[in-house]
Amino acid sequence: MTSLHNTTRVAMAAADLEDADFGEVLAALRSGRLTMGSRTDAFESLVAQYCGARHAVAVNSGTAGLHLLCCAAGIGPNDEVITTSFSFVASTNCFLYLGATPVFVDIEPDTYCINPHLVEQAITSRTKAILAVDVFGTPAEWNELSAIADRHGLALIADACEALGAEYYGKKCGPFGIGGVFAFFPNKQMTTGEGGMIVTNDSAVARTCRQLRNQGRDEESPWLQHAVLGYNYRMTEMSAALGIAQLRRIDVLLEKRRRVSEMYDTLLAEEPRVRTLRQRPGCRTSHFVYIVELLGQVHRDAVIRKLAERGIPSRGYFAPIHQQPYIKARGFKVPPLPVTERVASRTVALPFHNNLSLEDAHVIVQTLRDVLDDSN
Ligand SMILES: Cc1ncc(COP(=O)(O)O)c(C=O)c1O
């Protein structure tokens, strides 16, 4: 068995790249058309087809996509958006950019996704939207969230940035509510370097997002005519080319992640000091990271430090959004979030990527066990 002690010999995350990816990117470069070309159009069609959405709009990050969906939902300064604090900051930042107020509600203890019952209780006359996250690739409870949004006339936005390929009772995650967003940072299920994709069944939402990502231009208007205030959120042709190549083998990429996850599950099956991520029954998780929740009295950050001392990188995932310094500084009213705070103080992401070997997984799990032994 390889010793991983003292040096970090296993990557926390890594993109799965091969010759076909390099070839597509090079061809995009050689084509002379570096942005807004046929590769972006093709990538959009392929993603729409993959997740069963009528429209897909490519953007240069998941954050940009979420921001545009918030614009399309008409979110503004006096509005409240109900969301989860157990997420990456972008899922709240996207409506903070528009001056709206986050109303954080707690998560389900099993899936770590937003708790729909608490969502309904948090609705006020100022509520404009619900933004739910398929956290760690586990689908949120979309049927209940959609029913609540419909009942109260609210926009529902799907942050599927961690969930390409996940399925909610047979339906691909992404195009729920007014629309959703995938992200393609290199730690994601597939990558475009940086990038994101808005997916929606609403043609008005798609049109608004297309206009806003391209400096507020209408598609049919002359280049230097700008109908509204927009952004430069365009994806490059090189990113789209990489996206096409990656999406072509998405089933293989997802299967590799499932296998690595299963490897960890097996190695940790008899370990009573950790709890591994549970799937929502009847749904399919798309494995984004490998998370263990530490049980008992251990100090999570000390575990992370001791793992690092033994050459194993890991992360405390997530640091809740409501505890981030810039959010605290704004003084938003935050209700008690006992599940979020408990889970967030105990979850650790272990090294996870498509080509993690069984040998490395053994070493990582054994090191975790040694650290837990030391911590008692
Ligand atoms: C839940 C969630 N939302 C949004 C984002 C933002 O995506 P990006 O980094 O592409 O802007 C991420 C990316 O890590 C994410 O995990």
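Phe136 is a buried residue of this predicted model, and its relative accessible area is 0%. Because buried means under 20% relative accessible area, Phe136 falls within that class. Its position in the chain is the loop between β4 (127-133) and α6 (142-152). The backbone of Phe136 also deserves attention: phi is near 55°, a positive value in a residue other than glycine.

Although Gln215 is not a glycine, it has a positive phi of about 60°. This residue, too, is placed in a loop, namely the one between α7 (203-213) and α8 (237-248). Is Gln215 buried or partly exposed? With a relative accessible area of 31%, Gln215 is partly exposed, whereas the value for Phe136 is 0%.

A further backbone feature concerns a peptide bond. Tyr317 and Phe318 are joined by a cis peptide bond, for which omega is about -5°. Phe318 belongs to the loop between β12 (315-316) and α11 (325-330).

The reader may now turn to the ligand. Around the ligand there are 14 residues, of which Gly62, Thr63, Asp159, Glu162 and Lys188 come nearest. Which helix gives the most residues to this shell? It is helix α3 (residues 62-72), which contributes three residues.

For Gly62, a polar backbone atom is 2.8 Å from an oxygen atom of the ligand. For Thr63, the atom concerned is an N or O atom in the side chain, and the distance to a ligand oxygen atom is 2.5 Å. Glu162 likewise uses its side chain, with a polar atom that lies 2.6 Å from an oxygen atom of the ligand. How much of the ligand does the protein bury? Taken alone, the ligand exposes 390 Å², and the protein buries 92% of that area.

The last stop is on the surface. There, Leu26, Leu29 and Leu34 form a nonpolar patch, and together they have about 240 Å² of accessible area. One of these residues, Leu29, lies in helix α1 (residues 19-31). Leu29 has a relative accessible area of 44% and is therefore classed as partly exposed, since that class covers the range between buried, under 20%, and exposed, over 50%.

Definitions and conventions
Residues numbered from 1 in each chain as written. Predicted model: local features only at pLDDT ≥ 70, side-chain atom pairs only at ≥ 80, totals over all residues. Heavy atoms only, no water. Near = heavy atom within 4 Å. Polar contact = N/O pair within 3.5 Å; in protein donor to acceptor, adjacent residues only side chain to side chain. Areas by Shrake-Rupley, 256 points an atom, 1.4 Å probe, with all protein chains shown as cover. Helix = DSSP H or I, 4+ residues; strand = E, 2+ residues; numbered from the N terminus. Buried < 20%, exposed > 50% of the residue type's maximum accessible area, 1.4 Å probe, protein only. Patch = residues over 30% accessible without salt bridge, like charges linked within 9 Å, V, L, I, M, F, W, Y side chains within 5 Å. Salt bridge = Lys/Arg side-chain N within 4 Å of Asp/Glu carboxyl O.
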